[in-house]
Amino acid sequence: MRNSISRRRFLKQSALFGVSSTFLGGLTFTSIRSVRPAFDLIIRNGAVIDGSGTMENALDVGIKDGKIAKIGDLQAMDAIATIDATGLKVVPGFIDIHSHTDVDLFLNPRAESKIRQGVTTEVIGNDGSSWAPVGGPEIEEDLQRFKDYYGVELSWRDFRGLFDALERNGTAVNLLSFVGLGTLRELVVGLDDRRATPDEISSMQREVIAAAEQGCWGASTGLEYTPGSFADRDELVELVRVLPEEQRVYATHMRDEGDRLLEAIDEAIDVARRAKARLQISHLKAQGKSNWDKVDEALNRLDDAAGEGLDIHADRYPYVAYNTGLSSLFPIWCREGGRERFFGRLRDSTLRRKIRSEVEAKVQSLAGGWDGVLISFVLSDSNKVYQGKTVKQISEESDVDAFEFCRQILIAEDGRVNMVGFGMDEEGTEKVLAHPRVMVSSDAGSSATYGKLSQSRPHPRSYGTFPRAIARFVREKKLVTLPEMIRKMTLMPAEKIGLKDRGKIEVGRVADIVIFDYNAIEDRATFLDPHQYAVGIPHVMVNGVHVMKDGQHTGALPGRVLRSQT
């Protein structure tokens, strides 16, 4: 019996081999195995900069099942597809550690302006504001306005729901999120300027823990915005310290970035120390000409804190202008209590002189006057004529007082007015970006040259941040080496957040890869004409999938929501 079974098996195998030989031209078993390529993709002949800060090397990179499978001389190896990267740099995908793409992806999941500048992973939920948990009075209004304006309903309640919705929608880039402590304060305490009660602190702590359990990587604050600005440092410490140790990143838009910049840095350091957190200072800058000389001391305080053992870093975009809501020019006391109470104060003639005085003083201090404030977005079509113009220009053309224009348009637009403020200097920007503890970030959402996302005048950083950092600050100004700048965009943010499988070209890591031409890479977006894609980046891969190929978006949506628990 045993012999007959063996014989039948032998005959069956022989028959199969005979059929295979007929169709494959008599290939041997060895040649049959060889027709199965070792890799899905090989990037050949490129100059690899691995993200660690070390110099480039001429290497091939083999990708299999979405991961980097081999690095070295792969000229004798086969792949389903190859890229000839002769004359090009091969680097890890850029990680935008301070992004506001968030719900932009529900309007355009292709993430056009980000993927075209090499961003493969975005960190959302910054500046104390996250799109979960939902429940605060103004967040509910925001969701309804989003639906009314864009025709898209956002129906989740917690981070699990948000992440599930993003995954169902599809995305070209990877995403991970912080939980916004301003969002939690609105949810639990409300919009009033008062201390949180012990019970409210406990409720917010439970929300922080839930956010971490659902996949958040840390917490953020926006201490210049309401209601986050009403939290004292004790409250911040109590909320940050309950994060699991591996997720205890504290990313802060500090309480002041102008006249009280140094005091704000001290507060951030104190919160991080007491909460035993890793500190990330968001978009570090000195606003206003009278504060530009504080940059050196600000950076010294980072170094001193690091020398004392604090895990401290910062991020910055390579531009001298910031982007925020026009309402931020108005005093905190005026914005306390929410939008309706804010508008009530704007309409109150008895308060107008006081408000005007404080607004004009702030504009002069931080932007040098109304010609340093540019309107970048309004909600209604009737007022879009103001987009791309400075308030001074609008005032002169319309014969309307600058303060009055701002007061009136905020009321008319229900507060939905964004501005660009020209408040920083080139020298300070260069010092911050060159500092070894500072990473590159866009502080911007994703945009596109078509569709709903093309209807504003965004800050050019939406389109050009990462190419500009390379072209202007490495190739032109030679502030840092190219490998060091790549590290600021890749491994440094990965290590800060705790991403162990991205940020470096290394065997076993995920194949998020950017291939660019060092001599051609460049940002094209300007403040007056921002909707222009960067150039010089022919290839971008996300999770091993080609999203940018030969300079064109493939339409692929291989991005993932990266949850801290998985």
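**Packing, burial and backbone geometry**

Guide: Helix α7 (residues 181-188) packs against α8 at an angle of about 130 degrees, and their axes are 10 Å apart.

Visitor: Why is α7 called oblique to α8?

Guide: Roughly parallel is kept for angles under 35 degrees, roughly perpendicular for 65 to 115 and roughly antiparallel for over 145, while the rest count as oblique; the angle of about 130 degrees falls among the rest, so α7 is oblique to α8. The angle runs from 0 to 180 degrees between N-to-C directions, with each axis a line fitted to the C-alpha atoms of the stretch in contact. This is a predicted model, in which local features need pLDDT of at least 70 and side-chain atom pairs count only at pLDDT 80 or more, whereas totals for chains, interfaces and linings use all residues. Residues are numbered from 1 along each chain as its sequence is written, and side-chain values use heavy atoms, with hydrogens and water left out.

Visitor: What makes up the meeting of α7 with α8?

Guide: From α7 come Leu 181, Leu 184, Arg 185, Leu 187 and Val 188, and from α8 come Glu 200, Ser 203, Met 204, Glu 207 and Val 208, where contact means heavy atoms within 4.5 Å. By class, these residues are six nonpolar, one polar and three charged. The crossing of α7 and α8 is right-handed, a word used when the near helix is turned clockwise from the far one by less than a right angle (left-handed if anticlockwise).

Visitor: How do you know how the helices α18 and α19 run relative to each other?

Guide: Helix α18 (residues 461-476) and helix α19 (residues 482-489) pack at about 155 degrees, their axes 11 Å apart. This angle lies in the antiparallel range already given, so α18 is roughly antiparallel to α19. In this contact, Phe 466, Ala 469, Ile 470, Phe 473 and Val 474 of α18 meet Leu 482, Met 485, Ile 486 and Met 489 of α19. The contact of α18 with α19 holds nine nonpolar residues, no polar and no charged.

Visitor: Why is α11 called roughly parallel to α17?

Guide: The axes of helix α11 (residues 295-307) and α17 come within 10 Å and cross at roughly 15 degrees; this angle is under 35 degrees, and therefore α11 is roughly parallel to α17. Val 295, Asp 296 and Leu 299 of α11 make the contact with Gly 428, Lys 431 and Val 432 of α17. Three of the contact residues are nonpolar, one is polar and two are charged.

Visitor: Why does Leu 433 count as buried?

Guide: Buried means under 20% relative accessible area, exposed over 50% and partly exposed in between, for a 1.4 Å probe and protein chains only; Leu 433 has 1% relative accessibility, and so it is buried. Leu 433 belongs to helix α17 (residues 426-434). With neighbours within four places in sequence set aside, Leu 433 is in contact with Arg 316, Tyr 317, Pro 318, Val 438, Val 440, Phe 473 and Lys 488.

Visitor: Which residues other than glycine have a positive phi, and where do they lie?

Guide: Ala 111, with phi near 50 degrees, is found in the loop between α3 and α4 (112-115). Lys 276, with phi of about 55 degrees, lies in the loop between α10 (261-275) and β12 (278-281). Ala 111 is buried because its relative accessible area is 0%, while Lys 276 counts as exposed because its value is 64%. Most residues other than glycine have a negative phi, and most peptide bonds are trans.

Note on methods: Helix = DSSP H or I, 4+ residues; strand = E, 2+ residues; numbered from the N terminus. Nonpolar A, V, L, I, M, F, W, Y, C, P; charged D, E, K, R; others polar.
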